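Colleague: Can you walk me through this model? I'd like to start with the terms and then go through the parts.

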Amino acid sequence: MAEKKLMKGNEALAEGAVRAGCRFFAGYPITPQNEIPEYMSWRLPQAGGVFVQAESEVSAINMVYGAAATGVRCMTSSSSPGISLKQEGISYCAGADLPVFIGNVMRGGPGLGNIAGAQGDYWQATRGGGHGDYRTFVMAPDSVSEMGNFPHKCFEVAFKYRIPSMVLADGIIGQMMEPVEFINPEIDPKTLTEPAWALGVNKGREKRIVKSYDLREGYLEVMVNERVKRYKQMEANETMYEEKMMDDAEIAIVAYGTSARVSVAAMKLARENGLKVGLFRPITLWPFPKARLVELSKRIKKFLVVEMSLGQMVEDVQLSLNGRAEVHLHAKPGAAVMTADEVYRTMEAIVKKGAKEYAAAK
Amino acid sequence: MQLQNKRPESLLDIKMHYCPGCGHGTIHRVVAEAMDELGIRSRTIGVAPVGCAVFADTYFNCDMIQGPHGRGPAEATGIKRAKPDAIVFSYQGDGDLASIGMAEIVHAAIRSENITVIFVNNAIYGMTGGQMAPTTLLGQKATTCVEGRSAKQSGYPIKMCEMLATIDGATYLERTTVHTVPGVIKTKTAIRKAFQNQIDGKGFSMVEILSMCPTNWGTRLDNPSEATKFVAESMLPVFPLGVYKDQQRTN
């Protein structure tokens, strides 16, 4: 068994990225993700990589766009307002089919909002975020260990499908300290084959172009449709989720990140009080584990989405279930965290008072 | 018969889309000639801008990337840092470099990124149809200042070489022109030097090139001398040619 280290979530994400072969980082300070660039600033040179503190988030994502075009494993990180600034660049990465990794440690919004953890950027992360038709692979960790281990998967998927990938954490996961065990084998970038599309020093081969546009009529459609095929493959092959106490559950909580941790406590409280509650935790937010939710709805008719936002993931649950089961929401916007007791009382209301009454009470 | 002059290997034999009298074609040619002469084509990566020169990614016979408006120096930074053996140049217009991309160009100079920037200044937005640029002259008409640029409304044309010369990290800054044959020859010499600096690891080099845009200046397309006259009589007094910085440095 690998050694366990006590780390902050942000540090674990940075270390996990380096172990996954990341050798280029460009970023800009913003709370609550500052430990990531700080860690990278000394760790990457140690690993023979490059750290650049950019003049802005806009510049940082474009440095990553350039670095990614040369085929290196590269990343940037930020928090909500900074991720908004990066969206044009992320859209270009998607349009140019560049594999990049983005760490997003969410804080309260909109606007300057708050520096405390929140989950208000689910829509932004899972709907593409920038302009145009595209998808981003999004993973949601609920522990420091997952912060440390998800970059490996993000790079793997990003390179396999040539798509931007993101770890969507919240400020609490980024800031908390826990033991972390890096379970993936460490990747030496020198052992990776250079992608066939990478720009670089060439001897006699044809020139290569990395671009996101095609102004000729009909060609952009072909480009996007080719990408859609990869998105479909990802939906089929890269969806991840976790289930807890679902075997006999009559009501299922759907939650990710910090909300999932609170939901575990709420679930235990409910079980002590005779409510048969389980937890369904999407690990990939895109692709969203639709198929499994549909399967579960054959026997579970009540779902409660718990999230630290005004209710964003709830729409994906509704879209997935498409009327097959009741979908309720326990929302906590404004960089606030729900308590286990609050979530338990919501469940109690749903089960005991009935759905319609609960909805009216809200 | 002996072939005196041929198409540079670094420029592909593709029909360009540039308007009659536009300076981009000439500038592409001298960039390509400089690449040929220095023997760097096979390790050069160019960054094409948004704007008229977006298709530079097609014309140059080297690896190319096209990215967001104004961010060329950031992309070039990422490429150069990730692949230090490559020769990286960013090709940008005045709206791209001096307006939306002001932060990127200034900070690339501050970091003394070991890159080469080709800055084409024709004092107008070309592809979008002749809007006022940050380098548009006072009194010069554009589609967003139909009576001519007024200082009260829109301030003054920005002089990039002069401004960047105040930055310690800027290694080499020169302003040239392509409105005359001697100007074209000097432009090529400057571009060669800007590439050579990068080969020698000397840091940030930029060549600002005054160029013509007959289409959006409203000068006659069938009489290119109207446009070259505009450069000579109106642009040169505001944008004097010359070397603004030539720092001896080893990075």
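Modeller: First a term: a residue is buried if 20 or more other C-beta atoms lie within 10 Å of its own, exposed if 12 or fewer, and partly exposed in between, with C-beta atoms placed from the backbone. This is a predicted model, in which local features need pLDDT of at least 70, side-chain atom pairs count only at pLDDT 80 or more, and totals for chains, interfaces and linings use all residues. Residues are numbered from 1 along each chain as its sequence is written, and chains are lettered from A and ligands numbered from 1 in the order in which they are written.

Colleague: Then take Asp97(A): buried or exposed?

Modeller: Asp97(A) is buried, because 20 other C-beta atoms lie within 10 Å. Its phi is positive, about 55°, although Asp97(A) is not a glycine.

Colleague: And where does Asp97(A) lie?

Modeller: In the loop between α4 (80–95) and β5 of chain A. Helices here are DSSP runs of H or I with at least four residues, strands are runs of E with at least two, and both are numbered from the N terminus.

Colleague: What is the phi of Ala123(B)?

Modeller: Near 60°, again a positive value in a residue other than glycine. Ala123(B) sits in the loop between β4 (116–121) and α6 (151–154) of chain B. Ala123(B) counts as buried because 27 C-beta neighbours fall inside 10 Å. Most residues other than glycine have a negative phi, and most peptide bonds are trans.

Colleague: Which peptide bonds are cis, then?

Modeller: One joins Thr31(A) and Pro32(A), with omega about 5°; Pro32(A) is in the loop between β2 (24–27) and α2 (35–46) of chain A. Another runs from Gly109(A) to Pro110(A), with omega near 5°, and Pro110(A) belongs to the loop between β5 and β6 of chain A.

Colleague: Changing topic. What are the domains of chain A?

Modeller: Domain 1 covers 4–201 + 224–237 and domain 2 covers 241–361; such bounds come from an automatic or database domain assignment. Their centres, taken over C-alpha atoms, are 28 Å apart. The contact involves 28 residues from domain 1 of chain A and 21 residues from domain 2 of chain A, where contact means C-beta atoms, placed from the backbone, within 7 Å.

Colleague: Which element gives the most to the domain 1 side?

Modeller: α5(A), with four residues on the side of domain 1 of chain A that touches domain 2 of chain A. By class, that side has 15 nonpolar, eight polar and five charged residues. Nonpolar here is Ala, Val, Leu, Ile, Met, Phe, Trp, Tyr, Cys and Pro, charged is Asp, Glu, Lys and Arg, and polar is the others, Gly among them.

Colleague: OK, the sheet. What is the order of the five strands?

Modeller: β11-β13-β12-β15-β16 of chain A, an open sheet with mixed pairing. Two strands pair if DSSP finds at least two bridges between them. β11 (241–244) and β16 (326–331) of chain A are at the edges with a single partner strand each, so one side of each has no neighbour in the sheet. Neighbouring strands are turned by 20° against each other on average, direction ignored. Axes are lines fitted to C-alpha atoms, for helices over the stretch in contact, and angles run from 0 to 180 degrees between N-to-C directions.

Colleague: How do β11(A) and β13 pair?

Modeller: In the antiparallel sense, over four bridges. Within that pairing, Glu243(A) has Phe280(A) as its bridge partner in β13(A).

Colleague: Which strands does helix α11 lie across?

Modeller: β12, β15 and β16 of chain A; helix α11 (residues 313–321) runs at about 155° to β15(A).

Colleague: Now the chains. How many residues of chain B are in contact with chain A?

Modeller: 27 residues of chain B, against 32 residues of chain A. α3(B) supplies the largest share of the chain B side, eight residues. In α3(B), 11 of its 11 residues are buried.

Colleague: Last one. What does Val64(A) touch?

Modeller: Leaving aside neighbours within four places in sequence, Val64(A) is in contact with Ala26(A), Cys74(A), Met75(A), Thr76(A), Val100(A) and Gly78(B).

Terms used: Two residues are in contact if their C-beta atoms, placed from the backbone, lie within 7 Å.
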